[in-house]
Amino acid sequence: MEEVIYSKYSMDRAKAFATKTVITKDDNLVKAVYKYAVSDASRAHINRIFDIYIKLTSIYKENVKVNKGILIENGIKLEYLEGISLEEILDKAFLSGENNAAVELIKQYIDKIINVLPKIKFDITDEFKKVFGDISFDEKVINTLEATNVANIDAIFSNVIINNDIWNILDYEWTFEFPIPLNFILFRALNVYLYSSDRRRRLWNEGIMEKFGIDKNQQELFAQMDFNFHKYVNGDRYSLSMSCDDIDKQKFIVDENSLNKKEGMVQVFIDSGKGYSEDNSYLQNSILDEEELFFLEILVPDNALNIRIDPADTYCMAYIKEFYGIDKNNNKMSIDYNNNYNAICQDMFVYNTDDPQWIISNNNKTIKKICVKYSLSRSNKQMTEKLLEGCSSDNKLGDKIKNKVGIIKAKASRK
């Protein structure tokens with residue numbers, strides 16, 4: 001007899017992808033994983049997972065195995081595999097300073113998981129546009145990108161379990177059979193790894209993406225693909241739980257204390273004409289740079305009219321060193337933003353609210369990316385009010401203090 005020890009519904013997805021995942025344990029303590037369709041609409045998706053299993057097992061041989069799947073009524077049964085993930089092994093290497101060993105492991109991942117896939121010429125098909133959007137790839141870039149038509153884009157490091165030199169691929173739900181750049185699979189694996197832990201973010205400064213042949217241009221294009229992929233999976237709703245639990249560990253589920261728990265994390269709201277909502281928002285980490293300042297990059301979707309960045313969910317002070325945009329031609333541009341601070345004390349914006357906001361208008365749709373370099377100190381209502389009293393009573397700061405409450409326009413680039 002099997003006992004259910006874990007259950008999760010992915011109901012925030014589009015109906016065609018809504019599933020239920022169950023982990024069971026039998027009388028012999030043997031565990032199994034089941035994925036069920038939750039409606040007729042998602043039954044085809046479950047059946048497709050099994051078809052992908054058959055296809056991947058014909059590709060991976062020798063010491064790489066695909067997590068075994070068996071079709072059952074209304075679902076698929078999968079092996080429950082235990083062992084150490086590639087993510088954990090990389091952590092031990094990187095965080096102990098053994099960078100060369102970690103790089104070699106990633107090279108093995110590329111050889112074992114990516115390079116064995118069938119290779120074809122990259123082409124932007126209608127299927128590609130449906131899933132990843134109408135991305136503006138330069139013709140020269142298209143010609144230089146090697147692609148595959150069996151692309152498991154969720155082959156992230158945490159989904160690879162290594163046991164006795166056998167590399168096991170756990171999750172292949174998001175495998176597509178149309179041309180997708182091989183580098184996109186690697187980009188997602190690296191991106192998820194780097195952003196899912198504050199300890200790993202410094203690796204960005206070491207150019208780890210470029211080290212594996214993913215240049216800045218590719219990174220921007222692949223980030224757009226990833227953003228549109230989330231929208232596809234979730235029925236054109238960019239859901240926080242989808243992006244955290246099922247796809248991209250760069251984003252996190254919002255709860256009432258989540259921003260307090262993660263330094264350098266902001267919540268980004270995208271308004272495409274219907275206003276701001278939780279469904280069209282996500283959480284994103286900033287990168288701590290060599291100046292010990294946070295550096296934030298926000299990719300602006302083509303349909304975004306306004307972007308709101310909530311740097312915290314508590315009373316705070318912020319020092320903003322730089323606030324600028326990148327236009328469609330990859331040129332740096334000055335932008336203005338609305339900033340609901342209550343006062344400026346020296347170089348610090350003081351927020352007497354638990355909902356600080358930076359709002360950028362993109363009505364002319366010229367902004368491709370928003371970049372912010374800043375630091376932030378959290379506070380509480382009592383401390384903030386005392387600080388505001390001190391600011392107001394300091395005559396030396398008279399010309400630097402703004403006491404008007406509400407949205408006040410601030411210049412984009414602040415040195």
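Guide: Welcome! The second largest cavity here holds about 30 Å³ of space. Please keep in mind that this is a predicted model.

Visitor: Which residues line the second largest cavity?

Guide: Its lining is made of Glu263, Gly264, Phe294, Pro311, Tyr374, Leu376 and Arg378. Strand β26 (residues 367-378) gives the largest share of that lining, three residues.

Visitor: How does the lining of the second largest cavity divide by class?

Guide: There are four nonpolar, one polar and two charged residues in the lining. Gly counts as polar, while Glu and Arg count as charged.

Visitor: Let us turn to single residues. Why is Asn306 called buried?

Guide: Its relative accessible area is 19%, and buried means under 20%. Asn306 is therefore buried. This residue is found in strand β19 (residues 306-310).

Visitor: What is Asn306 in contact with, leaving aside its neighbours within four places in sequence?

Guide: Its contacts are Phe269, Ile270, Asp271, Tyr276, Ile360, Ser361 and Asn362.

Visitor: What makes a group of residues a nonpolar core?

Guide: The residues must be buried, belong to a set of nonpolar kinds such as Phe and Ile, and be joined through side-chain atoms within 4.5 Å. The largest core of this kind has 72 residues, and Ile106, Tyr109, Phe132 and Phe137 have the most contacts inside it. Helix α6 (residues 182-195) supplies the largest share of this core, nine residues. Another core, of 31 residues, lies apart from it and includes Val300, Met333, Ile344 and Trp358.

Visitor: Which residues is Phe132 in contact with, beyond its neighbours within four places in sequence?

Guide: Phe132 is in contact with Ile153, Phe176, Phe178, Ile180, Phe184, Gln224, Met225, Asn228 and Phe229.

Visitor: Now the aromatic rings. How many aromatic pairs are there?

Guide: The count comes to 30 aromatic pairs. A pair of aromatic rings is described by the distance of the centres and the angle of the planes.

Visitor: Why is the pair of Phe128 and Phe178 called edge-to-face?

Guide: The ring centres of Phe128 and Phe178 are 6.5 Å apart, and their planes stand at 85°. Centres within 6.5 Å make a pair, and planes over 60 degrees apart count as edge-to-face. So this pair is edge-to-face. It also links distant parts of the chain, 50 residues apart: Phe128 is in helix α4 (residues 126-132), and Phe178 is in the loop between β13 (175-176) and β14 (180-181).

Visitor: How do you know that Phe128 and Phe178 are buried?

Guide: Phe128 has a relative accessible area of 0%, and Phe178 has 6% relative accessibility. The limit for buried is under 20%, so Phe128 counts as buried, and so does Phe178.

Visitor: What makes Phe184 and Phe222 an edge-to-face pair?

Guide: Their ring centres lie 5.6 Å apart with the planes at 65°. That angle is set against the limit of over 60 degrees, so the pair is edge-to-face. Phe184 lies in helix α6 and Phe222 in helix α8 (residues 216-233), so the pair ties together parts 38 residues apart in sequence. Both Phe184 and Phe222 are buried.

Visitor: Which residues of helix α2 (residues 86-95) are buried?

Guide: In helix α2, the buried ones are Leu86, Glu87, Leu90, Asp91, Ala93 and Phe94. These residues pack against β7 (84-85), α3 (99-114), β11 (160-163), β12 (166-169), α6 and α7 (208-211). Just after α2, Gly97 takes a positive phi of about 85°.

Visitor: Why is Asn74 called partly exposed?

Guide: Asn74 has a relative accessible area of 29%, so it is partly exposed. Asn74 sits in the loop between β5 (69-72) and β6 (75-79). Although it is not a glycine, Asn74 has a positive phi of about 65°.

Visitor: And why does Asp165 count as exposed?

Guide: Exposed means over 50%; Asp165 has 61% relative accessibility, so it counts as exposed. Asp165 is placed in the loop between β11 and β12. Its phi is near 70°, a positive value in a residue other than glycine.

Terms used
Residues are numbered from 1 along each chain as its sequence is written. This is a predicted model: local features need pLDDT of at least 70, side-chain atom pairs count only at pLDDT 80 or more; totals for chains, interfaces and linings use all residues. Side-chain values use heavy atoms; hydrogens and water are left out. On a 1 Å grid over the protein atoms alone, a cavity is a set of points where a 1.4 Å probe fits but cannot get out, and a pocket is an open set with protein on both sides within 12 Å along at least five of seven lines; lining residues have an atom within 4 Å of a point. Grid points are joined across faces, edges and corners, and a volume is the space filled by probe spheres set on the points. Helices (H or I, at least four residues) and strands (E, at least two) are DSSP runs, numbered from the N terminus. Buried means under 20% relative accessible area, exposed over 50%, partly exposed in between (1.4 Å probe, protein chains only). Contact means heavy atoms within 4.5 Å. Rings of Phe, Tyr and Trp (its six-membered ring) pair if their centres lie within 6.5 Å; planes under 30 degrees apart count as stacked, over 60 as edge-to-face and the rest as tilted.
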